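Here's a quick briefing on the complex shown below, going from single residues up to whole interfaces. Have the viewer open as you read.

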Amino acid sequence: MNVDVKEYLPLLIPLIAVQFSLLAYTIVHILRHKSYKRGSRTLWLIVSIVGMEFIGPILYFILGKEED
Amino acid sequence: MNVLEVRDIRKSFGSKKVLQGVSFSVPENCIFGFIGRNGAGKTTTMRAVLGMLRTDGGEIEVLGERVSFGRPPAGGRVGFLPDVPEYYGYMNAGEYLTLCGSISGMDSKDIKNRCEELLTLVGLSGEKHRIKGYSRGMKQRLGIAQALMGRPDLLICDEPTSALDPVGRKDILDIISAAKEQCSVVFSTHILSDVERICSRVAFIEGGKTAFSGSIEEIRALRRDTALMLTLSRPEDAEKVLGGFPAGSKDSSDPGRIVFPKASDRDCGELMAFLSAQKIPIIRLERHEADLEDLFMEVIGK
Amino acid sequence: MKGFGAFFMKELRELVRTKRLMLILGVFTVIGIMDPAIAKLTPKLYEMMAEDLKSQGITMGEIKVTAMDCWAQYVKNIPMGLIVLLIIFCGIYTSEYSKGTLIPLFTKGLSRSSVVLSKFAVMVLTWTAGSWLCFGVTYFYSGFYWDNSAVKNLLFSGFGWWLFGVLMISLIVFFSAFAYSPAQVILGAGAVYFAMTLIGMYSKAGKYLPVSLTDSLSLYKGETVPDDCLAAAAITAALSLALVLAALPLTRDRKI
């Protein structure tokens, strides 16, 4: 199987850029906060990294982030 | 004209009768203390005054206008500080006051000036942090600032000092005293020393009814005759004293102590003359001023 | 309607500062990129499977991906974006009611209708930005790899999804007028959605139901034309308006 990577670059670059910035933002947010609505820091770090296909960060922001 | 007139309001939640006839009136330019135990109906009364609660009966007039559920006092004329004020944590104090000002319909220059003025008054002027990091005391102070933002004629505070430490309480009381220059103030509390410190009129509420309402002077007059307490160094002298002053009675817990429940200034002088003539040694002769606490206890029947 | 402007600005600031806007736009961008990515990867996946199948004696023909496959992915994935948006917004009213943040503002003369309508406006604006961003990204890639002209009624299908989302947002507004928690709001909106889908499956009235707006595939293939959906679109718009209008008196009488 030979996939021509170049053909996918226009898709991959923005996708990776958006996903990684969301992931990076989430991790920074988790590390900057001491308390969460539920769960612990370790739990949310694992969830956001394992579910990095933007599901993890969304779960964190909906379920874990403390209300301001 | 009275800024606030409450006549015989009633409210029950289900079978629980919370208010069973609360009446009082607040004249202009005074600080009015609304006193009652936890659960006596203070917050319910205040919510009714603000038109946030449907009452079962009675009349409320704020600044000469009738108030009922769905017809709150005209916007901006009454400032309110809830018992536990909640704000938007992502704003800072200045932004929140600006929001309040623009809702009140003030123009932007006025908002800016009023903001600075109030933040200085409540001691939050240097505060650039967002509200989510505020302590209880800071939130209460911001609460007074937001309540005063629209230059109200009446400021209503629900238990502004109850959850604060002594320093925070003093700050709030000072701010409320300063606010008196701008408007009348009604505040509810169960802390009697706060009332004695700043109020000129009070109402006691107990069991959903106003038990007493009047000025601080009227309260003092009500209990003009104060109690005298005499402690003798030799308990055996007690009979001698009681022989001369049958109004007194022995304290059951201490045989050397005699209490004269209602003693005028003259009674006091006569007692001292009697003691010195008989050469009776004493440890202490004390006049017990009637304070709010006594009255409060009397009112609630304890 | 006193205080509408001021409260609307407050809602916008909240949207930005609580990072909701960033999160929602991020999700819609990702979905927009995923549509062509999945469509493009599908034949490769089949190729891998085909090798397995060949050993079992089954042969598969060459699959050719077109813009149609890409837009089929759009129809599959856009509901995910809408669901994320609804979950993020389902507590927008109830959390303010239960926390009491509105009480100081009400005493300053803010009307309850202003609160209901400015939050509705902000949600619709966010949904508009998000759904059309997703549409735009998909459109761009679909045109880049394939040919968009092979797919019919694209803009109208985008509009159908948008209008359907507005209805779902109106359901949030309506249920928030009397619900006490975000969970009740989202359950209510979900229940209405399932009821509509069920009726659509077993009844002839399906054609007039708002869910029929989301049947984009038949539009793409040209089996239906926009005119067929006009009745459903009008009903959806009228229903949204009715829900929001009904929320106004309900909220006015709500105990806060």
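B:Ser188 sits in strand E8 (residues 184-189) of chain B; strands here are DSSP runs of E with at least two residues, helices are runs of H or I with at least four residues, and both are numbered from the N terminus. Bear in mind that this is a predicted model: local features need pLDDT of at least 70, side-chain atom pairs count only at pLDDT 80 or more, and totals for chains, interfaces and linings use all residues. Residues are numbered from 1 along each chain as its sequence is written, chains are lettered from A and ligands numbered from 1 in the order in which they are written, and side-chain values use heavy atoms, with hydrogens and water left out.

- Is B:Ser188 buried or exposed? B:Ser188 is buried, at a relative accessible area of 0%; buried means under 20%, exposed over 50%, and partly exposed in between, using a 1.4 Å probe and protein chains only.
- Setting aside residues up to four places away in sequence, B:Ser188 touches B:Phe34, B:Lys42, B:Met46, B:Cys157, B:Asp158, B:Glu159 and B:Pro160, where contact means heavy atoms within 4.5 Å.
- With B:Asp158 there is a side-chain to side-chain polar contact at 2.9 Å. The term covers a pair of N or O atoms within 3.5 Å; within protein, one must be able to donate a hydrogen and the other to accept it, and residues adjacent in sequence count only if both atoms are side-chain atoms.
- B:Met46 is 142 residues from B:Ser188 in sequence, yet their C-alpha atoms are 8.6 Å apart.

**Where chain C meets chain B**

- The interface brings 24 residues of chain C into contact with 26 residues of chain B.
- About 2,300 Å² is buried there, with 61% coming from carbon and sulfur atoms; buried area is the accessible area (1.4 Å probe) that two parts lose on being put together, summed over both.
- Which three residues supply more of chain C's buried area against chain B than any other three? They are C:Arg17, C:Thr107 and C:Lys108, with 29% of that area.
- The rule finds one salt bridge across this interface, meaning a side-chain nitrogen of Lys or Arg within 4 Å of a carboxyl oxygen of Asp or Glu.
- C:Arg17 pairs with B:Glu95 in a salt bridge, and the closest N and O atoms are 2.9 Å apart.
- On the chain C side, helix H1 (4-17), helix H4 (94-99) and helix H5 (103-107) each supply at least two residues. H1(C) gives the most, with six residues.
- By class, that side of chain C has eight nonpolar, five polar and 11 charged residues. Nonpolar covers Ala, Val, Leu, Ile, Met, Phe, Trp, Tyr, Cys and Pro, charged covers Asp, Glu, Lys and Arg, and the others, Gly among them, count as polar.
- Over on chain B, B:Ser104 is in the loop between helix H2 (93-103) and helix H3 (108-121), and counts as buried at 18% relative accessibility.
- Beyond its neighbours within four places in sequence, B:Ser104 is in contact with B:Gly150, C:Lys2 and C:Lys108.

**Chain A and its interface with chain C**

- Chain A has three helices and zero strands, in the order α-α-α along the sequence.
- Of its 68 residues, 32% are buried.
- Here 20 residues of chain A are in contact with 26 residues of chain C, and about 2,100 Å² is buried, 77% of it from carbon and sulfur atoms.
- How many salt bridges are there between chain A and chain C? The count is zero, and the rule finds one residue pair in polar contact, both at pLDDT 80 or more.
- H1(A) supplies the largest share of the chain A side, 10 residues. By class, that side has 14 nonpolar, two polar and four charged residues.
- The buried residues of helix H3 (residues 55-64) of chain A include A:Ile58, A:Tyr60 and A:Phe61.
- Those buried residues of H3(A) pack against helix H1 (5-32) and helix H2 (41-50) of chain A, together with helix H2 (20-55) and helix H3 (67-89) of chain C.

**C:Val84**

- C:Val84 lies in helix H3 of chain C and is buried, with a relative accessible area of 11%.
- Not counting residues up to four places away in sequence, C:Val84 touches A:Ile58 and C:Val27.
- C:Ser55 is 29 residues from C:Val84 in sequence and 42 Å away in space, C-alpha to C-alpha.
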